[in-house]
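Let's take a walk through the fold together.

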Amino acid sequence: MGRKKLSFTTRFVLAFGVLLVVANILLGVVILRQSESAMKSLINKNMLDIVNTAAGFMDGDALGALTEDDVGGDQFNDALQKLAVFQSNVDIQFIYAVRQIDEDTFVFTVDPDPVEPAEFGEEIVVTEGIKQAGRGVAAVDDAPMADRWGNFYSAYCPVFDSQGKVAGIVGIDFAADWYNELVKSHTLAITVETILSVSIGGLVIFIIANGVRKRFKELNSGLIRLSSSMDHLMRQVGIISGGEEKVSQEPRDELEVLEEKIDTMQRDMTVYLDYLQKQAYTDSLTRVGSSTAYHELAQKLEDEIQQGSAAFSLIVFDVNSLKVINDELGHENGDKVIKGAAEVISGVFGADHTFRIGGDEFAVVKDQARGEDLEKVDAEISAFNKREKGSRVLLSVSKGLARFEPERDHSFKEVFARADRIMYEEKKNYYQTVGNRRA
């Protein structure tokens, strides 16, 4: 008698098993890369939030006027103490202030490191991130840099003086090992899931090749455990799954059951990646667009400017008297003012067009914006303050509107600088009117 031929189901499942392994390997590579990219964006966002907050506490005029003779003096010690607070209370390696000498030269001015501080005027290793901060835009380095203190990922934020010029730059260093370990810890779960998925695919081939179709029930149990592990991961980060899966006890085709489990895992992984991306592009305090989302939009508009297809308006906002509120009433009330500003601005222009780009700075990017829109902002601020009647904190913002003009603007930076200049003029008039009062 001849050898018994494999059944159609067995041959089909065998071929499917091979394809499953290949597909899972490719899917795993894609998911791991996307997850790592999303996590890096989230970490970079947090780094920018910290350095923007630290820069917001610095006095630009005082920082820009520091000389080597001021080391040890009152103004120098004031800047030193402000930076030292962040170094002692935030999980960062180093924090410091630098000054730009020329296009490719930056030097230390204030370094609160108690062990081995940099000397005033000592050159710092120049990266693309610090150059971008020198041009007036906060940035995070894409790659670690090494100096005599170690190997770090760094974030930088410009500090502006009363004339709207970059008077200095606040920088923070995070240990490269810490950064890489944090990325690895958040991608480890997906790595494990991918390895398990590929391993199960290999197991499919093994058990089919040995003619043990009866063990498909064990394979399905493994997939249920894998799906439960994915549910557990999603619940840990606060994502609500689609509900408990009901498993039929009636006999069904093994391929049908296997397909259901794989579809469930892929859907859960997609939800998890969407969650990571949303976290990276949403400001955690105000729930408007984050600085990461703003910088990506700015780069998109920069490309459109170079292509000759750009058309947009930019409005820059800055909360007035925030430092006084923080100092006198505490940061809880300062956060209340920041959230109030976000509520008013996004209420007028929409949350999709509103971004928090610094500690107390916001930006709105729209196709068209008019002076009437700014009047609406003033009216909404008045309404907000009436609702908060009796509170010791009143909301006030300075603002500047600039429209992209093809005949004069050659970059997004020029439009931003014009809006920023108008905003600082309004802020100057505000302080001349109210002095150091909170409203």
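First, the ground rules. This is a predicted model, with local features needing pLDDT of at least 70 and side-chain atom pairs counting only at pLDDT 80 or more, while totals for chains, interfaces and linings use all residues. Residues are numbered from 1 along each chain as its sequence is written, and side-chain values use heavy atoms, with hydrogens and water left out. Helices (H or I, at least four residues) and strands (E, at least two) are DSSP runs, numbered from the N terminus.

Start with the open sheet of four strands, in the order β8-β9-β7-β10 and with antiparallel pairing. Two strands pair here if DSSP finds at least two bridges between them. At the edges sit β8 (354-356) and β10, each of which pairs on one side only. From one strand to the next, the twist averages 20 degrees. Between β7 and β10, which run antiparallel, there are seven bridges, and you can find Asp318 standing opposite Ser398 in β10.

Two helices pack on this sheet. Helix α10 (residues 331-349) touches β7, β8, β9 (361-366) and β10, and its direction makes about 10 degrees with that of β9. Helix α11 (residues 371-387) touches β7 and β10, at about 165 degrees to the direction of β10. Contact means heavy atoms within 4.5 Å; axes are lines fitted to C-alpha atoms, for helices over the stretch in contact, and angles run from 0 to 180 degrees between N-to-C directions.

Now look inside. A nonpolar core is a set of buried Ala, Val, Leu, Ile, Met, Phe, Trp, Tyr and Cys residues joined through side-chain atoms within 4.5 Å, and buried means under 20% relative accessible area, with exposed over 50% and partly exposed in between (1.4 Å probe, protein chains only). The largest core has 30 residues, of which Met47, Ile95, Val110 and Val170 touch the most other members. At least two residues each come from α1 (8-56), α3 (74-89), β1 (94-102), β5, β6 (166-175) and α5 (176-209), and the largest share, six residues, is from α1. A second, separate core of 25 residues includes Val319, Leu322, Val364 and Ala369. Leu322 is also one of the buried residues of helix α9 (residues 322-329), along with Val324, Ile325, Asn326 and Leu329; these pack against β7 and α10.

What about the aromatics? Rings of Phe, Tyr and Trp (its six-membered ring) pair if their centres lie within 6.5 Å, and planes under 30 degrees apart count as stacked, over 60 as edge-to-face and the rest as tilted. The whole structure holds 11 aromatic pairs. Phe108 and Trp149 are edge-to-face, because their centres are 5.6 Å apart and their planes at 70 degrees. This pair links Phe108 in strand β2 (residues 105-110) to Trp149 in the loop between β4 (145-147) and β5 (150-160), 41 residues apart. Phe108 is buried at 4% relative accessible area, and Trp149 is buried too at 18%. Phe312 and Phe404, on the other hand, are stacked, with centres 5.5 Å apart and planes at 10 degrees.

On to the charges: a salt bridge is a side-chain nitrogen of Lys or Arg within 4 Å of a carboxyl oxygen of Asp or Glu, and the count comes to 16. Arg148 bridges to Glu116, with the closest N and O atoms 2.6 Å apart. Arg356 and Asp283 meet at 3.4 Å, N to O. Arg356 lies in strand β8 and Asp283 in the loop between α7 and α8, so the pair ties together parts 73 residues apart in sequence; both residues are buried. Arg418 and Asp409 pair at 2.7 Å, and both of these are buried as well.

Finally, the backbone. Most residues other than glycine have a negative phi. Arg287, however, has a phi near 65 degrees, and Ser321 has one near 60 degrees. Just after α9, Gly330 takes a positive phi of about 95 degrees.
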